[in-house]
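Trainee: I would like to go through the terms used for this model and see what stands behind each one.
Mentor: Then ask about them in turn.

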Amino acid sequence: MESQRVVVVVEDAAAARSALQWAVGNFIRSSDSITLLHVCPPARSRRKRRRLRLGGFQLALAFKDLCNGIAEAKVEIVVTEGELGETVVATVNKLGATTLVVGLHDKSFLYRAPSQYSRVRSLGCRVLAVRQHATARGGFLNAELTQIETVSLHIPPPKIPFPMFTLPLGVIWRRSKRRK
């Protein structure tokens, strides 16, 4: 079996934590390499930037504790700064990842794309989007997996709106003068 390079997006959301738990339990093997990626928003002041990076690193360390169930997997942490969607795409392509694991929630970067699949199309890897359900039964994680295939995406061309020409009512109801 070939080892995979898996990138997991680390966010301060329950869905991101559930996505990592699902991936560790169902997808990641012991020979795989895991990269925990946290993206901090850009900040102007040096003090705020440092505080955001430190908080992101501590969050990634908490996520690393969830990876302890995999014996030989290599886990690394990447904390970077920038706009979330663009930075994730750039980092995943730079690392040469085979899989991106994302926790889907209401404010997920996949939903904020200008077009529905514009960011996913530019990724050169498989995207596993995991949505956490509100109920967990018997301590088991109840999650829904959505695999987004980037190769077979079919995006319809944009619709061209029908041009409407407005006519004043006087033109429509104008009576023509009859010649006698």
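Predicted model: local features only at pLDDT ≥ 70, side-chain atom pairs only at ≥ 80, totals over all residues.

Mentor: Residues are numbered from 1 along each chain as its sequence is written, and side-chain values use heavy atoms, with hydrogens and water left out.

Trainee: What makes up the protein chain in helices and strands?
Mentor: It has five helices and six strands, where helices (H or I, at least four residues) and strands (E, at least two) are DSSP runs numbered from the N terminus. Along the sequence the pattern reads β-α-β-α-β-α-β-α-β-β-α.

Trainee: Why are α1 and α2 called roughly parallel?
Mentor: The axes of α1 (residues 14–26) and α2 (residues 46–66) cross at roughly 30 degrees and come within 10 Å. Axes are lines fitted to C-alpha atoms, for helices over the stretch in contact, and angles run from 0 to 180 degrees between N-to-C directions. Angles under 35 degrees count as roughly parallel, over 145 as roughly antiparallel, 65 to 115 as roughly perpendicular and the rest as oblique. The pair α1 and α2 is therefore roughly parallel.

Trainee: Which residues make the contact of α1 with α2?
Mentor: On α1 they are A16, R17, L20, Q21 and V24, and on α2 they are L59, A62, F63 and L66; contact means heavy atoms within 4.5 Å. These residues divide into seven nonpolar, one polar and one charged. Ala, Val, Leu, Ile, Met, Phe, Trp, Tyr, Cys and Pro count as nonpolar, Asp, Glu, Lys and Arg as charged, and the others, Gly among them, as polar.

Trainee: Why does C67 count as buried?
Mentor: Buried means under 20% relative accessible area, exposed over 50%, and partly exposed in between (1.4 Å probe, protein chains only). C67 has 3% relative accessibility, so C67 counts as buried.

Trainee: Where does C67 lie, and what is C67 in contact with?
Mentor: C67 lies in the loop between α2 and β3 (74–81). Apart from neighbours within four places in sequence, C67 is in contact with L20, V24, I34 and V75.

Trainee: How many of the 180 residues are buried, as a percentage?
Mentor: Buried residues make up 37% of the protein chain.
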